[in-house]
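This report describes a structural model for a reader who works with coordinates. It takes up a metal site, then the sheets, then the contacts of aromatic rings.

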Amino acid sequence: MSEIKNVDYGLEKIFEGAKDFLPLLGTDYIEFYVGNAKQAAYYYKSAFGFQSYAYKGLETGCRESASYVLKQDKIRIVLTTPLNSKSSINDHIVKHGDGVKVIALWVEDATKSWKETTSRGAKSYMKPTIEKDQYGEVVRSGIYTYGETVHIFVERKNYKGVFLPGFEKWDSDFNPEPTGLKFIDHMVGNVGWNEMNMWVKFYEDVMGFVNFLSFDDKQITTEYSALMSKVMSNGNGRIKFPINEPAEGKKKSQIEEYLDFYEGPGAQHIAVATDDIITTVAKLRERGVEFLSIPPEEYYEAVPLRLEEHNHELKEDIETLKGLGILIDADEEGYLLQIFTKPVEDRPTLFFEIIQRMGARGFGAGNFKALFESIEREQAKRGTL
Ligand code: FE2
């Protein structure tokens, strides 16, 4: 594992080596293309506690597609579905199933961001475009990243509307309580065999990111399967994109299973931060969110030793964490608590991670083995191991 260089989780210091020519202010929204946005919105509200926020569709004069925007603290997700067979959104759904199409990034200047990235080799998805309504204007532009996934740069400093021009505020009578999800900690992409370094270079050259952690197939391996991963970050540390590729093992890598079912590279998981993982996970479980199986007893027996090695004291009750199946990892700076959902659609593709950082800035490397063995048990049930 390479060393973390000059990292400040207070987000103000710049990662050594990162060239922040964009610069990125944060994640603006994540847009999913789905087969039935109305029902998906119900799921994310009921199960995850997202709040009704904005809407675009037939009622607002949009005849091509319907989009529901949901919000929880700083996280905004957009669920979009086509309204006719001719929409190109259909092609995306036919090929990939429900999945992430857009990882939108909040910028100061969307025109400059597009010029900086396309001049460095990015393929354009959307030229800088001004969208207006009575609340002001938003400039958006976009580039392709892995697979058919895109980054859209959003410049909203001259906009006072609820979300984007064309959207109206969505008031609903059905408003389940939030579950404590705060912001996006990181978002992981799965790419094809031997493509990880190409995408690492893309984020370095085109976006000015830096590779600050690497895991090889010796570190991320179980008896049966393996993968490799490199974590990319922008300069201020607000955007972190780990990139995974499959590695050879005795059986099929979980990354390969994803690539088979998504039919290409795409977003593998969205990690959302909470500052009270016990309450969050208890609520999510109560509302029907399905998590990977709870690790065996030996896993929790080893936890105190792992924390002691780094001189950290666990503030949470270990029995409670065990009861909820929450994983614990530690490094020099602190520890972290995390748990992974099962895929949130029938194809074994996108899933969520819930994470609470107690000083640690890693990604739970110490949990990889327990986690992957749990994923392999699911793969075996699906007949895809
Ligand atoms: Fe993660």
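## The iron site

The iron ion is coordinated by His186 through NE2, His269 through NE2 and Glu353 through OE, at 2.0 to 2.2 Å, where donors are N, O and S atoms within 2.8 Å of the metal (3.2 Å for Na, K and Ca) and, water not being among the atoms, sites may look incomplete. Along the chain, the donors of the iron ion follow the spacing H-x82-H-x83-E. The two histidines come from distant parts of the chain, histidine 186 from strand E10 (residues 183-190) and histidine 269 from strand E14 (residues 266-273), 83 residues apart. Histidine 186, at 2% relative accessibility, counts as buried, and histidine 269 is buried with a relative accessible area of 8%; buried means under 20% relative accessible area, exposed over 50% and partly exposed in between, with a 1.4 Å probe and protein chains only.

## Basis of the model

The model is predicted, and local features need pLDDT of at least 70, side-chain atom pairs count only at pLDDT 80 or more, while totals for chains, interfaces and linings use all residues. Residues are numbered from 1 along each chain as its sequence is written, and side-chain values use heavy atoms, with hydrogens and water left out.

## The eight-stranded sheet

Eight strands form an open sheet in the order E11-E12-E13-E10-E14-E17-E16-E15, with mixed pairing; strands (E, at least two residues) and helices (H or I, at least four) are DSSP runs numbered from the N terminus, and two strands pair if DSSP finds at least two bridges between them. Strand E11 (210-215) and strand E15 (327-330) stand at the edges with a single partner strand each, so one side of each is left without a neighbour in the sheet. On average, neighbouring strands of this sheet are turned by 25 degrees against each other, direction ignored.

E14 and E17 pair in the parallel sense over five bridges, and histidine 269 stands opposite phenylalanine 351 in E17. Helix H6 (residues 277-286) lies across E16 and E17 and runs at about 160 degrees to E17, with axes fitted as lines to C-alpha atoms, for helices over the stretch in contact (heavy atoms within 4.5 Å), and angles running from 0 to 180 degrees between N-to-C directions.

## The nine-stranded sheet

Another open sheet has nine strands in the order E6-E7-E8-E5-E1-E4-E3-E2-E9, again with mixed pairing. Its edge strands, E6 (124-133) and E9, each pair on one side only. E1 runs parallel to strand E4 (residues 75-82), joined by four bridges, and isoleucine 30 stands opposite isoleucine 77 in E4.

## Aromatic contacts

The structure holds 23 aromatic pairs, counted where ring centres of Phe, Tyr and Trp (its six-membered ring) lie within 6.5 Å, with planes under 30 degrees apart taken as stacked, over 60 as edge-to-face and the rest as tilted. In one of them, the rings of tyrosine 29 and phenylalanine 163 have centres 5.4 Å apart and planes at 75 degrees, so the pair is edge-to-face. Tyrosine 29 lies in strand E1 (residues 24-33) and phenylalanine 163 in the loop between strand E8 (150-155) and strand E9 (168-169), so this pair ties together parts that are 134 residues apart in sequence. Both tyrosine 29 and phenylalanine 163 are buried.

Phenylalanine 340 and phenylalanine 351 form an edge-to-face pair, 6.2 Å centre to centre with 70 degrees between the planes, and both are buried.
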